[in-house]
Amino acid sequence: MAQQAPSVFPASPSWDGAGTSKIPFSVYTSDELHRRELDRFFYRKHWSYVGLEAEIPNRGDFKRTVVGERSVLLVRDKQGAIHVVENVCAHRGMQFCRERHGNRSEFTCPYHQWSYTLSGDLQGVPFRRGVRQDGKVNGGMPADFDLKQNGLTQLKVACRGGVVFASFDHDVESLEDYIGPAILHYFDRLFDGRKLKILGYNRQRIPGNWKLMQENIKDPYHPGLLHTWFVTFGLWRADNKSELKMDRHHRHAAMISTRGQSGKADQVTQVSSFKESMQLQDDRFLDIVPEAWWGGPSAVMTTLFPSVILQQQVNSVSTRHIQPDGHGAFNFEWTHFGFEDDDAAMTRRRLRQANLFGPAGFVSADDGEVIEFSQRGFDSKPGHRALAELGGREVGDTDHMVTETLIRGMYRYWREVMEDGQ
Amino acid sequence: MTMKTSGNATAAATGRGETSPALRLGLDPQDYLELTQLLATYAAVVDAANWDAWCAMFIDDCIYKLIPRENFERGLPLATMDFESKGMLKDRAFAIRETLFHDPYYQRHVVGAPRVLEVHPDRIVCESNYAVFRTKLSELTTVFNVGRYLDTVVRADDGWKFASRLCIYDSEMIPNSIIYPV
């Protein structure tokens with residue numbers, strides 16, 4: 001068959017028609033596409049996760065974080081209102097705030113002492129009126145210099161259930177419309193208004209494209225295969241009931257599963273379909289206590305495109321913030337939390353079950369590993385493509401997990417946005 | 001200077017009016033010697049990936065935690081690894097061998113001299129700095145994790161063992177994942 005070998009290094013991604021079941025490697029390897037993604041997904045028309053209200057409980061509290069690759073400050077002002085401002089001084093562009101958290105009455109850039117209110121308004125600049133010497137005034141800012149025109153960039157803010165989102169785009173739709181009713185249901189299930197209790201952070205740097213972490217939590221194909229720990233100790237069972245749901249744009253998703261009800265709870269932690277005789281030496285890792293707010297499902301993993309994953313896996317709950325850094329790496333920040341009505345035993349249970357997750361987690365450490373080596377494959381031959389054809393080539397909600405429909409859905413949306421106007 | 005084997009060695013030990021904290025606290029030099037050997041053995045055991053020997057260095061009712069310095073200093077209880085018994089250590093050893101897919105790597109510990117903080121009959125609290133280097137196959141060696149151990153060791157029938165080992169790490173970003181105990 002006389003067929004010319006395709007270029008290993010194509011100029012642009014080549015999709016197979018209108019479908020998204022074959023994903024060009026180059027969507028993970030191109031700096032140009034990465035910058036367009038930042039523009040179109042992180043800086044325009046989208047909301048990004050920035051943190052939890054419980055991280056800044058007091059007036060003057062702030063937390064430094066990012067939207068996309070831009071440094072921002074999440075802050076509670078003197079009246080108690082929440083603001084998000086860009087950590088770039090209006091004068092010389094310095095990322096002036098170096099602490100990651102703290103309490104301030106104002107923000108001051110150390111370079112030339114420009115000072116800002118907690119909501120980002122410029123309060124004053126040194127030598128604005130110049131310096132009087134020998135009867136004349138030297139220097140100073142021009143007479144028409146307007147403090148009001150030179151504040152920090154202020155982002156639009158939306159809070160829901162104790163979670164804070166921000167957007168550089170003040171014309172962005174409401175957070176509720178953005179998430180959409182199908183996924184909002186699962187958002188509100190987790191963040192139902194109870195006060196949150198921060199348990200702590202894990203931070204890891206994963207050398208892979210940021211989208212791969214979204215895809216990881218849109219891929220129910222791998223958990224029972226990669227994470228043999230799940231199977232070995234009975235958390236991933238053939239009789240689990242499952243559903244996959246998306247918003248109308250297919251950008252967000254929820255993977256909902258309910259542990260099989262056959263057998264007693266103690267059997268669920270001990271019966272294994274993989275290594276029949278395996279038991280934990282210390283089964284407190286899986287000391288699962290159902291909570292009323294679950295309303296049935298024992299695990300709901302929600303992906304909010306593009307910036308965050310909301311985790312409920314039995315008693316362990318966390319947010320996982322995706323912070324891109326170039327096309328080939330992202331920082332991944334886990335914030336584990338509990339609820340104000342947790343007793344000491346429940347807090348300890350959540351901390352113990354956190355051993356399953358995070359950069360050392362029994363069922364998470366290996367996710368970072370496979371992402372790193374997928375990226376290696378992509379970088380070596382960007383003209384090739386990945387497959388997402390389990391369960392067909394279509395996009396739609398399902399009542400089972402044997403499908404890659406959520407990944408196809410995300411790329412349908414990706415193409416709509418990224419190919420618009422080309 | 002001669003090595004004394006009895007406790008309560010005081011200012012005479014240094015002759016400079018300054019005593020090391022270990023001696024001032026009444027630590028028997030023999031115990032200090034055994035403590036340094038315990039820490040050196042731990043490094044050798046984890047660098048050799050001998051996970052059974054790693055478990056055996058702890059008492060049954062032990063604590064092992066790998067904690068970001070940020071959480072430790074802010075009083076946040078979350079740990080990256082949070083084990084509360086030797087059984088949990090054995091479960092980790094099983095996961096390393098049987099269930100956790102990972103890129104194989106060597107680790108190499110460099111551990112500083114222990115700074116003794118408390119001396120009790122049959123129990124010592126101490127801290128020591130550590131640096132762990134990671135070497136992956138076909139890759140350059142990198143600095144993997146840096147921090148300090150905060151240990152409580154106790155005298156058991158067959159020598160000193162860890163009752164508690166907290167690995168409090170400065171490293172802000174874990175380079176992808178941590179599979180083996182530090």
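Mentor: Let's start with the interface: chain B and chain A bury about 3,600 Å² between them, 53% of it on carbon and sulfur atoms. Buried area is the accessible area (1.4 Å probe) that two parts lose on being put together, summed over both.
Trainee: What sort of model is this?
Mentor: This is a predicted model, where local features need pLDDT of at least 70 and side-chain atom pairs count only at pLDDT 80 or more, while totals for chains, interfaces and linings use all residues. Residues are numbered from 1 along each chain as its sequence is written, chains are lettered from A and ligands numbered from 1 in the order in which they are written, and side-chain values use heavy atoms, with hydrogens and water left out.
Trainee: How many residues does each chain put into the contact?
Mentor: Chain B gives 39 residues and chain A gives 43 residues, with contact meaning heavy atoms within 4.5 Å.
Trainee: And how many salt bridges between chain B and chain A?
Mentor: There are 8, taking a salt bridge as a side-chain nitrogen of Lys or Arg within 4 Å of a carboxyl oxygen of Asp or Glu. Over all chains the count is 45.
Trainee: Which arginines of chain A does E70(B) meet?
Mentor: E70(B) forms a salt bridge with R203(A) at 2.9 Å, N to O. That pair joins two chains, because E70(B) lies in helix α4 of chain B and R203(A) in strand β14 of chain A. E70(B) also has a salt bridge to R100(A), at 3.1 Å, N to O.
Trainee: Which element gives the largest share of chain B's side?
Mentor: That's α5(B), with 9 residues. Helices (H or I, at least four residues) and strands (E, at least two) are DSSP runs, numbered from the N terminus.
Trainee: What joins β3 to β4 in chain A?
Mentor: 6 bridges join β3 (residues 61–67) to β4 (residues 70–76) of chain A. One place to look is T65(A), whose bridge partner in β4(A) is V72(A).

Conventions:
Pairing = 2+ DSSP bridges.
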